Amino acid sequence: MSMLNVSSSPHLRSPHNTSREMYNVVLALLPATVFGVFHFGLHALLVILMSVVTACGTEYVFDYIARRPNTLWDLSAVVTGLLLALCLPPSVPLYIPFAGALFAILFTKCFFGGLGQNFMNPALAGRVFLLISFGTAMIDYSYDGVSGATPLATLNEGGTVSVLKMFLGFASGHIGVSVAALCVGAAYLIYTDTIKWKVPAATLVVFVIIMGIAGPGHFAPLYIGAELAGGGLILGAFFMATDPVTSPMTGLGQLIYGGLIGGLAALFRLKSGMADGMSYAIITANLIVPLLDKYIIEEPWGVGKPGQVLPSEEEMANKKPGIAIPRSALVLCLITAIAGVALGGVYSLTKDTIEANQMAANLAAYQAVVPGAENFAYDEAISASLEEAMAGDYYADGAYGKTRVNEVVAGTDASGNIVGYGLSVTSMEGFDGEITLALGIAADGTVNGISFTVINETAGMGMKADEPEWKAQFEGVKVDSFTLNKSGGSTADNEIDSVSGASITSGAVVNAVNTGLDFYHNYIQ
Amino acid sequence: MSYKFRGGVHPNPNKELSKDKPFVTLLPKGEMVYPLNMHIGKPSRPVVKKNDEVKVGQLIAEADGFVSANVYASVSGKVKAIDRRMTGASVPAECIVVTNDGLYTPVEGLGERTDYRTLTKAEILDKVKWAGIVGLGGAGFPTHVKLAPKDPSEIRWIVANGAECEPGITCDDRLMQEHPEWVVDGVRIVLQLFDNAKGVIAIEENKPEAIAAIEKAVEGDDRISVLRLAVRYPQGGERNLVHAVTGMYMGSGALPASLGCIVDNVWTLASIYKAVCENTPLFEKGFTVTGEGANAPGNFLIRIGTSVAEVLEAAGGMKEETKKALLGGPMMGLAIPNTNVPLVKANNALYLMTEDEVEQAEAEQTNCIRCGRCIRSCPMGLAPQQMMLAAKRGDLDRFIALHGLDCIQCGCCTYTCPARQPLVPTFKLFKPRAMAYNRAKQAAEKGGK
């Protein structure tokens, strides 16, 4: 009789092998990939192909040269290439995905021993390498042939964005821009138990709490929605932070790691110069994973419990078997609570100071243009109408060019009566960029005068606008609006002589003042 | 609602092959081999010599010490030899070999009926010890030792383990369907030993017929209840069962008795019934032949000592493409190189596989990708991935710090590992080393104090 095979038990294996695991990730990324190509066009497809082919090619060549068994079949190189491509701008030249994928596979993966041995996510290492080395190309987000800010950049500068468009992906951004498509993939990964769900859960919870407390929009649903849908947050939280190799093994470790990513991502969004710092947040958190795995040893089932006093019959009757306390949930709450309280505390301590500083900068200007005022304060009703009036990018949809009303303060005398209003108004259309001025309007509507707070015009020409004689033209008149007289010799109250040789500067100033007047007539008077 | 534990895996239960096949009594024709180490503890001591005549139910080897068990002849015939033979564990062991005369002459008094209710506690315990009963779920721990805890009044639950969570095996299911009274009376006999205890018969939900039969048999008995368990491997693990019944976690290294439980397999309880009520020692038990490689999967009442080959032949033989034969189920069973080994008390199935998944797994092995599936699947809450790293490095301290000694070798981590890492096979080799090291360390610490 022939010999039968002998091996140690168990003799069964689940159908889930490594390549199936990777295949799942590729499958989950497919909706976002297809959307990216459909949305950004053929070049995006070329970027994706370049990245994937380079990743696979690099691994193949390395395996060949290093005389290691060919590991392409495990599909992990495909995942790396695809992930890298999805977080690149769609219009990058093709050498970018080539260099990125090469770096990702060779330096972060192959050199450290291949699959499972890398200490940080290869795709993100590749992306950060590109950000550092090819900064300009990496932040050039062209869309419909127009270079423009990503929704997140706009949001950071105080502009408004459409959350729905961002969510669906009809916006500028990296190739994997469609949050909706990514969510479909993420749901699939969680359903198939491919990713450790605690990581994205902790990331998103901590991120939302910190942004809600410390972000300018607080917990307004649209603001939080925009922050969630913006940048690489979803792609990072569900597809990169969950990279099995570089995330912790234990539940508690995953919560800490996920929370750290959420916290860092929020910190980078709020305080760094970058529009989005998800890549940096994740690779930073990657570095603490070995420590988390070393020091967090989860308590095995029932250790430390033998010899406990037997409960009474009554206690047993009330005891439901099989439900352990979800300790992980408690830990998650605790971490977020501590982080939230800490950040909230710092913010509330500094909040008044921030406002005071802003106020102080403009105070001198307001004092100059609202004579007789002892105190300046915000008026809630006016601030609310200001927010309403400034909902668009520019005041009154650009009726006065690119102008904005920044703030309005009411000046009161010693006995608390309103003696006038100070308005901070900006025109973006100075000869050399932005001009911001303080406009004083007395309680009866008479223009008291103007005082510049930001002006960088040409010395000897545009800068002449800041001379007292020229500014005096705005003083002590009660008009609906001013007009610019380029030929000089004005007589009427509402006519302003242009600074000679600087009609652009003069025009910008007049537009700014008219913006302030318009706001005064429509919202304050 | 049925009880579900943390972790575990869900391999194909594969019970359809044999679950509807009633027991067929199999009387062996060939030579019988009785290993003397069929149980955990000290091997038994032979009480027969070469050329002695033996009868069915005759004591041929007696327990050597407290943790040991008697062995009985399951056929009549002549002792051919007492020497070393190959066993299912793939190691030779001292065996009594008996030539079968095919007559099955019983010893006197075999099958004499007794009403257990007339017996004292000591008489029941003696009877269990006499019958050579050991844990028939696979462990083979002498049952009379289990039934003699330090303080019998502390025992609150007698748990009959009818989970049968190993894929393929159906002999427990058939027992509960065909002879529910054996199991239930077995529980009643044990309950007679423990005044403060209640009986719980735990069964996985995929055996509705068995649940119905047992429920009918316990009807009106308020000391015994039926507990439904979710279908999940390893539901029948002792710790999971204790938790299911008591709601308490069994500590590391603890015995169920420390939480007031005694857990016995349903076939063990049936054997207790037969010993106490029918004066029949343990020499016959249920056995399943199944798997894709079996020509005619089925359930059999086999005589202990029969060779696997003979049982297999009676079950229609195995397909030519059979690659692997297992004693036990595919999760924890032992692979045997050939079928020329005797069946022992604790064997409950012969599982024949036409595909060697371990061989395939070796081909698709990759580096560990740290996916964490092993940790999520571990019913003991361990971190197999970290234990594997420690074992590969030979780091005994780290292995112990990771609670590696609590591993029950159920195989869930290995089953679920996408990288096909040989986790449990490695632990099986490393755990004895770590245990020895731990003992030495503890001894040294004691000595130092």
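User: How many residues of chain A are in contact with how many residues of chain B?

Analyst: In this predicted model, 47 residues of chain A are in contact with 67 residues of chain B. The largest share of the chain A side comes from H1(A), which supplies three residues, and by class that side holds 19 nonpolar, 17 polar and eleven charged residues.

User: What is the span of helix H1 of chain A, and what is the span expected at 1.5 Å a residue?

Analyst: Helix H1 of chain A covers residues 18-40, 23 residues in total, and reaches 32 Å from its first C-alpha to its last, which is close to the expected 33 Å. Just after H1(A), the residue A:Gly41 takes a positive phi of about 100°.

User: Why is A:Asp193 called partly exposed?

Analyst: A residue is buried if 20 or more other C-beta atoms lie within 10 Å of its own, and exposed if 12 or fewer do; A:Asp193 has 17 other C-beta atoms within 10 Å, and is therefore called partly exposed. A:Asp193 sits in the loop between helix H9 (179-191) and helix H10 (198-214) of chain A, and has a positive phi of about 60° although it is not a glycine.

User: How do you know whether B:Asn14 is buried or exposed?

Analyst: The cut-off for a buried residue is 20 or more other C-beta atoms within 10 Å, and B:Asn14 has 21 such neighbours, so B:Asn14 counts as buried. B:Asn14 lies in the segment before strand E1 (23-25) of chain B, and its phi, near 55°, is a positive value in a residue other than glycine.

User: Which residues touch the most other members of the largest nonpolar core?

Analyst: The largest nonpolar core has 140 residues, and those that touch the most other members are B:Val159, B:Val183, B:Ala202, B:Ile214, B:Val311 and B:Leu350. Helix H7 (residues 266-278) of chain B gives the most to this core, with nine residues. A second, separate core has 92 residues, including A:Leu86, A:Ile175, A:Ala201 and A:Ala214. As general background, nonpolar side chains tend to be buried together in soluble globular proteins.

User: Which residues does B:Val159 touch, not counting residues up to four places away in sequence?

Analyst: With residues up to four places away in sequence left out, B:Val159 touches B:Val200, B:Ala202, B:Leu241, B:Val245, B:Cys261, B:Ile262 and B:Val263. Contact here requires C-beta atoms within 7 Å.

User: What peptide bond joins A:Ser9 and A:Pro10, and what joins B:Tyr233 and B:Pro234?

Analyst: A cis peptide bond joins A:Ser9 and A:Pro10, with omega about -5°, and A:Pro10 is placed in the segment before H1 of chain A. In chain B, a cis peptide bond joins B:Tyr233 and B:Pro234, where omega is about -5°; B:Pro234 is found in the loop between strand E11 (224-229) and helix H6 (238-246).

User: Which domains are assigned in chain B, and what separates their centres?

Analyst: The domain assignment of chain B gives domain 1 (116-278) and domain 2 (361-448), and 31 Å separate the centres of these domains, taken over C-alpha atoms. Their contact takes five residues from domain 1 and six residues from domain 2, and the domain 1 side of that contact has two nonpolar, three polar and no charged residues.

How values were computed: Residues numbered from 1 in each chain as written. Chains lettered and ligands numbered in written order. Predicted model: local features only at pLDDT ≥ 70, side-chain atom pairs only at ≥ 80, totals over all residues. Core = buried A, V, L, I, M, F, W, Y, C linked by C-beta atoms within 7 Å. Helix = DSSP H or I, 4+ residues; strand = E, 2+ residues; numbered from the N terminus. Contact = placed C-beta atoms within 7 Å. Expected span 1.5 Å × (residues − 1). Nonpolar A, V, L, I, M, F, W, Y, C, P; charged D, E, K, R; others polar. Domains from an automatic or database assignment.
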